[in-house]
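Visitor: I have a structure to go through with you. Could you take me through it step by step?
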Amino acid sequence: MVDKNFKDYMLSNEIVKSLTLLGYKEPTEVQREVMPLALERKDVVVKSQTGSGKTAAFGIPICETVEIEQREPQALILTPTRELAVQVKENINNIGRFKRVRCTAVFGKQPMTVQIRELKQRVHVVVGTPGRVLDHIKRGTIDLQKVEYLVIDEADKMLNMGFIEEVGSIIDAVPRNRSTMLFSATLPEEIEKLCSKYMKSPVRVEITPEALVSSRVEQELYEVERSEKFDLLKSVLYVEKPDSCIIFCSTKDNVDELNERLKDEGIYCNALHGGMEQADRLSMMKGFKRGEFKILVATDVAARGIDVEDLDLIINYDVPVENESYVHRIGRTARAGKSGKAVTFASPGERRYLAGIEDYIGYTIPRVEPPSREEAQKEKKEFITRLKDISSLKSDKTEVLSKDVTKIYINAGKKKKMRPGDIVGAITAIEGVTAEDIGIIDILDYVSYVDILNGKGRLVLDTLRNTTIKGKEVKVEKAEKPQR
Ligand code: ADP
Ligand code: MG
């Protein structure tokens, strides 16, 4: 019998509280298997379908075991893309919110100075892309000596040609007596063999080994001439009327071109690929996750790990060249027990890739006939109307969790010798407020920020406005915008 409830894993109340607010009623299968092993600090290699909850499978044990008082990072998580690093960071921050676990993300193209500043403060968990993590190691701006968990998410991608050297150097820089955890939905045997080099008798966890892809993804295939793809795409969109859809192309240029063509047709969409400015990439991803627009045209940069609520349609406008990529792309739908549809457009020139994919997944993708042009045209109007309807934005889990949290700003910091104890003292002196109501405290050179939990922000603000800290007059106000 496996335990069915998060409470059965001896998790602290703060962690259980976050999970409850996140809407996690019971652990998923991979979480049930991995959590006890991770809590015992075993090395694990985990193969489990897309959307099965792998992030929390490592995120919960990491947050549970973090020593809050310790300044140096205790867990390092590597991901292949910046978007995924940000998402995993948000997941960890959400899970660790009430325990005050601090997690930061480091990735390329973001100012080094900001990251160095964050790393200098107390940070318990670091999530990063290999290149930038290695940069910080070389510059001596990250201290990995206290790392107890090394997680390699999307492990097969990370131990593959493009990344293996960097990842290898990072592994050499973390203490040997750590536990190492590898996760992916696709783990070829060679990779498993390779990683045994870095691990101590790892436990293999494989959930539903018989199927790479969840049966909740309805897969379809259109055999179509390259020149006919665009018309087919429009017909499929009109008929399917997705609420949220990713259209995958094989190159940046194809993405840009298709994005423009769709826009010219009055079909509102946005592009995401590695050639874009960093800020645009992140804001695009955020907008898409929030449901601010419904169609994202992307390269494989959006294929791995990205979690978008209620994404109901995936279109492979170009057949992926790598077999694994097919599994990851279509795994952006049908997550967390939901269902979804994935359609692939294969031109004669792409048949050989398709054959490879079908061989890899072990079955033939059902061929379907395109909807007739008249049939599709009839649906166009309704599709366009629905595309424009963004009245119900999706809730952001971070917002749900921080509903009760108020960030306050104090105009004094290290230069005025402000210490956490001073702030805690001033706040707990308020009647009706205890240390339990204080979240993360951030003391910078000239200013400080404090999270006030449990809806007590108003009370704290109103009281501190007319008070002194350490006998000094300070200005206390509600922080303008979230700092993390
Ligand atoms: P994977 O890494 O396996 O592809 P994720 O970790 O991204 O999957 O999780 C997929 C989705 O499932 C996320 O939206 C996550 O919030 C949700 N989820 C994870 N664990 C649970 C749980 N125990 N109960 C309900 N939803 C969960
Ligand atoms: Mg994942």
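Guide: Let us begin with a term: a residue is called buried under 20% relative accessible area, exposed over 50%, and partly exposed in between. Please note also that this is a predicted model.

Visitor: Where is Arg41 found?
Guide: Arg41 belongs to the loop that lies between helix H2 (29–39) and strand E1 (44–47). Its phi is positive, about 60°, although Arg41 is not a glycine.

Visitor: Is Ala334 buried or exposed?
Guide: Ala334 has a relative accessible area of 4%; this is under 20%, so Ala334 is buried. Its place is the loop between helix H13 (323–330) and strand E13 (340–346).

Visitor: Which strand does E13 pair with?
Guide: E13 pairs with E8 in the parallel sense, over seven bridges. Within that pairing, Lys341 of E13 is the bridge partner of Glu218.

Visitor: And how many residues of E8 are buried?
Guide: Strand E8 (residues 217–223) has five of its seven residues buried, and is thus mostly covered.

Visitor: Let us change topic to the ligand. How many residues surround ligand 1?
Guide: Ligand 1 is surrounded by 17 residues, the closest being Tyr24, Gln31, Gly51, Thr55 and Asp307. By class, four residues of this shell are nonpolar, eight are polar and five are charged.

Visitor: Which domains supply the shell?
Guide: Domain 1 (6–206) and domain 2 (217–397) each contribute at least three residues to the shell around ligand 1.

Visitor: What backbone contacts are there with the oxygen atoms of ligand 1?
Guide: A polar backbone atom of Gly51 is 2.7 Å from an oxygen atom of ligand 1. For Ser52, a backbone N or O atom lies 3.1 Å from an oxygen atom of the ligand. Gly53 likewise has a polar backbone atom 3.1 Å from an oxygen atom of ligand 1.

Visitor: How much of the ligand's accessible area does the protein cover?
Guide: On its own, ligand 1 has 580 Å² of accessible area, and the protein covers 87% of that.

Visitor: Back to strands. Which residues of E2 are on each side?
Guide: In strand E2 (residues 75–78), Ala75 and Ile77 are on one side, with Leu76 and Leu78 on the other. All four are buried, and both faces of E2 are covered. In a regular strand the side chains alternate between the two faces of the sheet.

Visitor: What does E2 pair with?
Guide: E2 runs parallel to strand E4 (residues 125–128), with four bridges between them. Leu78 has Gly128 of E4 as its bridge partner. Four bridges also join E2 to strand E5 (residues 149–153), again in parallel, and there Ile77 is partnered by Val151.

Visitor: Last one: why is E14 described as largely enclosed?
Guide: Strand E14 (residues 406–410) has four of its five residues buried, so the rest of the structure largely encloses the strand. Five bridges join E14 to strand E16 (residues 448–452) in an antiparallel arrangement, where Lys407 is partnered by Asp451. E14 also pairs with strand E19 (residues 476–478), antiparallel and over three bridges, with Val476 as the partner of Ile410.

Note on methods: Residues are numbered from 1 along each chain as its sequence is written. Chains are lettered from A and ligands numbered from 1 in the order in which they are written. This is a predicted model: local features need pLDDT of at least 70, side-chain atom pairs count only at pLDDT 80 or more; totals for chains, interfaces and linings use all residues. Side-chain values use heavy atoms; hydrogens and water are left out. A residue is near a molecule or strand if one of its heavy atoms lies within 4 Å of it. A polar contact is a pair of N or O atoms within 3.5 Å; within protein, one must be able to donate a hydrogen and the other to accept it, and residues adjacent in sequence count only if both atoms are side-chain atoms. Accessible areas come from the Shrake-Rupley method with a 1.4 Å probe; for residues, only the protein chains shown count as cover. Ala, Val, Leu, Ile, Met, Phe, Trp, Tyr, Cys and Pro count as nonpolar, Asp, Glu, Lys and Arg as charged, and the others, Gly among them, as polar. Domain bounds come from an automatic or database domain assignment. Buried means under 20% relative accessible area, exposed over 50%, partly exposed in between (1.4 Å probe, protein chains only). Helices (H or I, at least four residues) and strands (E, at least two) are DSSP runs, numbered from the N terminus. Two strands pair if DSSP finds at least two bridges between them.
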